[in-house]
Amino acid sequence: MASHIILPKEEEEQEAGRGVAAEADHGPPEPRGYRHMETAPKPLPFSATCVRISRDSYPNLRALRNASAMNLPDDDAAYIKLDEGDYGYVLDDVQHLTDYLPELPTFPNPLQDHPAYSTVKQYFVNADDTVPEKVVIQKNSPRGVHFRRAGPRQRVYFEPEDVKACIVTCGGLCPGLNTVIRELVCGLSHMYNVNDIFAIQNGYKGFYSSNYLPMTPKSVNDIHKRGGTVLGSSRGGHDTNKIVDNIQDRGINQVYIIGGDGTQKGAYEIFKEIRRRGLKVAVAGIPKTIDNDIAVIDKSFGFDTAVEEAQRAIDAAHVEASSAENGIGLVKLMGRYSGFIAMYATLASRDVDCCLIPESPFYLEGKGGLFEYIERRLKENNHMVIVVAEGAGQDLIAKSIPVADQLDASGNKLLLDVGLWLTHKIKDYCKSKKMEMTIKYIDPTYMIRAIPSNASDNVYCTLLAHSAIHGAMAGYSFTVGMVNGRHAYIPFHRVTSTRNKVKITDRMWARLLSSTNQPSFLSEEDIEEAREADRLANRPPVPAGTSEHTKKHSTSLLANG
């Protein structure tokens, strides 16, 4: 299937007039024959200071388009939207209602009359504003890939009285879920005067198996003070046709979906079915994962709270270890595929002697192994603290405890308890060496994910919710997140096609090794494999038959941003 891509225009766009207290913004480029109920100002070009280059003069963009299409199934390639500017600028854009409903009318944004915004110098986002995916580049580097900046638009595609919004939470718990729910309800009501807001109970299956509960600012007033989610959550239950049938039957036109990468994949499937049916429905995904493994975005909400709460468990382990002769405190933290919580909690603590994460293989016996390090550390300091992410060492456990792979309702592999396994292994080793030792194993997993979000995450949740509302009102379908400190609208496929992982060849991991003084447990071959994996992850695949010149420039574009 051909990729559905916005090609450069043959002529330059002319600069449009500016509205009162705002710069003209309208959304995607206007199709031919487009008509508004009220005449909207023409959008600014994607780069007001640059002339669009011809479609044949920039081979690396052509390669990037082809590579992007190749990275996805044929069905997904139709939803890729790339646009180019000068100096290697590429906009990786999100889907919009006018991509398949070109005759929709637009309306003035109610925020222009909102008293809270009356003192803001410019409260509508410029149509030309984008956020770079990478900010560290070289002098002669291309400008690279950008995402559409989040925020309120001057024109919206829904009148407040016509909006019927619903909110759903899926997957595991995470600090901040109730804050996001509260701010979605209050933001829709207070900023856009929306009255019809409904709760979907217990995850995706709630779309077709439960009644929709109305929500008001009063009903959610203090839910941010509680952990968990007042809507209920579950894994699995995703039936795209049933979900969209109910969205269509109930007249829902804005869907807010809060969940991790699996949930965002579900949101993407819902959007594609909505588009196939030609429904005027915006789908906004708000990424949630306590592991911080969502790709592209700086971090997910709840992560700061999780790291802060993990400190309490590490402090307790340190007290236990330091109060006993040859005491060991072992703390297992969350991190199925990514060890960010373990890494950041270790760096923040200063009391941790060893941190084990899924991205960095380790071994137990022999020279340079974990047992040798434990023995040396106990002799030097009389105690030690070990932090291990739940996904670490799974290959080692599988060798000693053969079990059949099992999956949870979300399709994730069920993990064996690395903390318990490591506790027994350390005991057996010390016994074989006739070493007196006391070990305390602490697993705070469910305590951490069930608490309310802290002040930092509460602010972040508010900004994510408001950005999601502004984007949905403007007719976009997207995942929202912070990219290099700025909120942006990110295409669904960008956050679901890969995971964010700790780079063990990066300086942050080197800082941790320097802090703990632990061995890296890596051979030269392991390090070279990790570097090669990083290089391959940053290099787009180029179709067969593409010239060497194009391949070189295509690789350079993504490598530099």
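Ala165 is found in strand S8, which spans residues 164–169, where helices (H or I, at least four residues) and strands (E, at least two) are DSSP runs numbered from the N terminus. The structure is a predicted model, in which local features need pLDDT of at least 70 and side-chain atom pairs count only at pLDDT 80 or more, while totals for chains, interfaces and linings use all residues. Residues are numbered from 1 along each chain as its sequence is written, and side-chain values use heavy atoms, with hydrogens and water left out.

**The chain as a whole**

- The chain has 17 helices and 18 strands.
- Of the 561 residues in the chain, 56% are buried, where buried means under 20% relative accessible area, exposed means over 50%, and partly exposed lies in between, with a 1.4 Å probe and protein chains only.
- Among contacts between residues at least 6 apart in sequence, 78% join residues at least 24 apart, contact being defined as heavy atoms within 4.5 Å.

- Ala165 is buried, with a relative accessible area of 0%.
- Not counting residues up to four places away in sequence, Ala165 touches Leu188, Asp196, Ile197, Phe198, Ile252, Gln254 and Tyr256.
- Pro214 is 49 residues from Ala165 along the chain, and the C-alpha atoms of these two residues are separated by 9.8 Å.
- Thr445 lies in helix H12, residues 445–449, and counts as buried at 10% relative accessibility.
- When its neighbours within four places in sequence are left aside, Thr445 is in contact with Lys332 and Met334.

**Cysteines**

- A search of the whole structure finds zero disulfides, a disulfide being a pair of cysteine sulfur atoms within 2.5 Å.
- For Cys174, the closest cysteine sulfur is that of Cys461, at 7.7 Å from its own sulfur, which is too far for a bond.
- Cys174 is buried, with a relative accessible area of 0%, and Cys166 is likewise buried, with a relative accessible area of 0%.

- Helix H8, residues 340–349, is mostly covered, since eight of its 10 residues are buried.
- The buried residues of H8 are Phe340, Ile341, Ala342, Met343, Ala345, Thr346, Leu347 and Ser349.
- What covers these buried residues includes helix H7 (303–322), strand S13 (327–333), strand S14 (354–356), strand S15 (383–389) and helix H15 (507–516).
- H8 is followed by Arg350, whose phi is positive, near 70°.

**Packing of H7 with H8**

- Two packed helices are described by the angle between their axes and the distance between the axes.
- The axes of H7 and H8 come within 9 Å and cross at roughly 60°; axes are lines fitted to C-alpha atoms, for helices over the stretch in contact, and angles run from 0 to 180 degrees between N-to-C directions.
- H7 and H8 are therefore oblique to each other, given that angles under 35 degrees count as roughly parallel, over 145 as roughly antiparallel, 65 to 115 as roughly perpendicular and the rest as oblique.
- H7 passes H8 in a right-handed crossing, a crossing being right-handed if the near helix is turned clockwise from the far one by less than a right angle, and left-handed if anticlockwise.
- Phe303, Ala306, Val307, Ala310, Gln311 and Ile314 in H7 meet Phe340, Ile341, Tyr344, Ala345, Ala348 and Ser349 in H8.
- The residues of this contact of H7 with H8 divide into 10 nonpolar, two polar and no charged, where Ala, Val, Leu, Ile, Met, Phe, Trp, Tyr, Cys and Pro count as nonpolar, Asp, Glu, Lys and Arg as charged, and the others, Gly among them, as polar.

**Packing of H5 with H6**

- Helix H5 (residues 240–250) and helix H6 (residues 261–277) pack at an angle of about 60°, with their axes 10 Å apart, and are therefore oblique to each other.
- The crossing of H5 and H6 is right-handed.
- On the H5 side the contact is made by Thr240, Asn241, Ile243, Val244, Asp245, Ile247 and Gln248, and on the H6 side by Glu269, Ile270, Glu273, Ile274 and Arg277.
- By class, this contact of H5 with H6 has five nonpolar, three polar and four charged residues.

**Packing of H9 with H11**

- The axes of helix H9 (residues 370–381) and helix H11 (residues 418–432) come within 11 Å and cross at roughly 65°, and the two helices are therefore roughly perpendicular to each other.
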